[in-house]
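Here is a short briefing to read alongside the sequence and the coordinates. Have the viewer open and follow the topics in any order you like.

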Amino acid sequence: MVAALTMPSLIANYRKQEVSARLKKFYSMFNQAIQLSQIDNGTLTDWSRSDNLKGEDDEESKVKNFDEMSRFWNKYFAPYIKTLRIENGSDIGKAKIYLADGSTILAWNGGCMSFAYDTNGDKKPNVSGKDIYHFHFCEKASIQNSFLGVNKAFGPYSMIDATDRETALNICKNKSNCAALLVLFDNFEFKKDYPIKF
């Protein structure tokens with residue numbers, strides 16, 4: 001009886017530890033890739049990406065944005081982040097990037113590149129705040145200020161809105177797509193007051 005009661009708790013704790021380790025690795029790996037790519041490709045302001053590409057119709061716009069995301073990733077990130085392949089995501093026009101560790105990134109091409117990082121790839125639950133965490137990458141300084149803050153090229157969704165943990169926690173109680181923000185404040189741990197149940 002006791003084992004039946006403690007098993008769900010043990011499983012949840014194991015999942016939290018696994019997600020925590022993958023998030024920490026991804027965050028570190030991505031920041032390192034930015035630094036390495038700048039050595040080879042120049043400063044971020046020298047990187048070329050056309051954002052929010054338009055076509056004659058919605059379908060053409062999606063194709064153009066997917067192609068641009070694929071080109072940009074292959075040039076600036078794939079040499080530094082082990083990438084297996086890039087496919088059209090479930091939302092056509094978004095690039096689904098498969099990483100060597102089994103995780104995926106669903107990326108779309110806006111003023112910033114927006115990422116939904118899935119710690120366990122195509123496996124379930126595919127829920128924001130459980131295995132999916134949202135980030136932005138902004139190479140243009142003028143847009144960084146609006147999305148992430150001064151001199152910040154990469155960070156979690158809603159980063160600009162929170163300067164302390166309490167604010168991050170309150171935001172996350174209403175928006176599950178800002179869970180990465182709270183986890184970053186907590187050094188990639190899931191505290192007892194984390195608002196999304198595992």
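Is Gln144 buried or exposed? Gln144 counts as buried, because its relative accessibility is 6% and buried means under 20%. Please keep in mind that this is a predicted model.

**Around Gln144**
- Gln144 sits in helix α3, which covers residues 141–147.
- Its side chain reaches the backbone oxygen of Cys138 at 3.0 Å.
- Beyond the neighbours within four places in sequence, Gln144 is in contact with Leu44, Cys138, Glu139, Gly149, Asn151, Lys152 and Ala153.

**The nonpolar core**
- The largest nonpolar core has 50 residues, and those that touch the most other members are Phe30, Phe77, Phe115, Tyr133, Phe135 and Phe137.
- At least two residues of this core come from each of α1 (2–41), α2 (58–76), β2 (95–99), β3, β4, β5, α4 (165–174) and α5 (179–185).
- Helix α1 gives the largest share of this core, eight residues.
- Setting aside neighbours within four places in sequence, Phe115 is in contact with Phe30, Trp73, Ile105, Leu106, Ala107, Tyr133, His134, Phe135, Phe137 and Phe154.
- As background, nonpolar side chains in soluble globular proteins tend to be buried together.

**Pockets**
- The largest pocket holds about 340 Å³ of space.
- Its lining is made up of 16 residues, with Glu18, Asn120, Lys124, Pro125 and Asp131 nearest its centre.
- By class, the lining of the largest pocket has nine charged, four polar and three nonpolar residues.
- The second largest pocket holds about 210 Å³ of space.
- It is lined by 11 residues, and Lys96, Thr104, Leu106, Asp118 and Ile132 are the closest to its centre.
- Strands β3 (104–109), β4 (113–118) and β5 (132–137) are the elements that give two or more residues to the lining of the second largest pocket.
- The lining of the second largest pocket divides into five polar, three nonpolar and three charged residues.

**Backbone features worth a look**
- The peptide bond from Lys124 to Pro125 is cis, with omega near 20°, and Pro125 is found in the loop between β4 and β5.
- Asn126 is in the loop between β4 and β5, and has a positive phi of about 55° although it is not a glycine.
- With a relative accessible area of 35%, Asn126 is partly exposed.
- Ser158 is not a glycine either, yet has a positive phi of about 70°; its place is in the loop between β6 (154–156) and α4.
- Ser158 counts as buried, at 5% relative accessibility.

Note on methods. Residues numbered from 1 in each chain as written. Predicted model: local features only at pLDDT ≥ 70, side-chain atom pairs only at ≥ 80, totals over all residues. Heavy atoms only, no water. Helix = DSSP H or I, 4+ residues; strand = E, 2+ residues; numbered from the N terminus. Buried < 20%, exposed > 50% of the residue type's maximum accessible area, 1.4 Å probe, protein only. Polar contact = N/O pair within 3.5 Å; in protein donor to acceptor, adjacent residues only side chain to side chain. Contact = heavy atoms within 4.5 Å. 1 Å grid on protein atoms, 1.4 Å probe; cavity = no way out; pocket = protein on both sides within 12 Å on 5 of 7 lines; lining within 4 Å. Points joined across faces, edges and corners; volume = space filled by probe spheres on them. Nonpolar A, V, L, I, M, F, W, Y, C, P; charged D, E, K, R; others polar. Core = buried A, V, L, I, M, F, W, Y, C linked by side-chain atoms within 4.5 Å.
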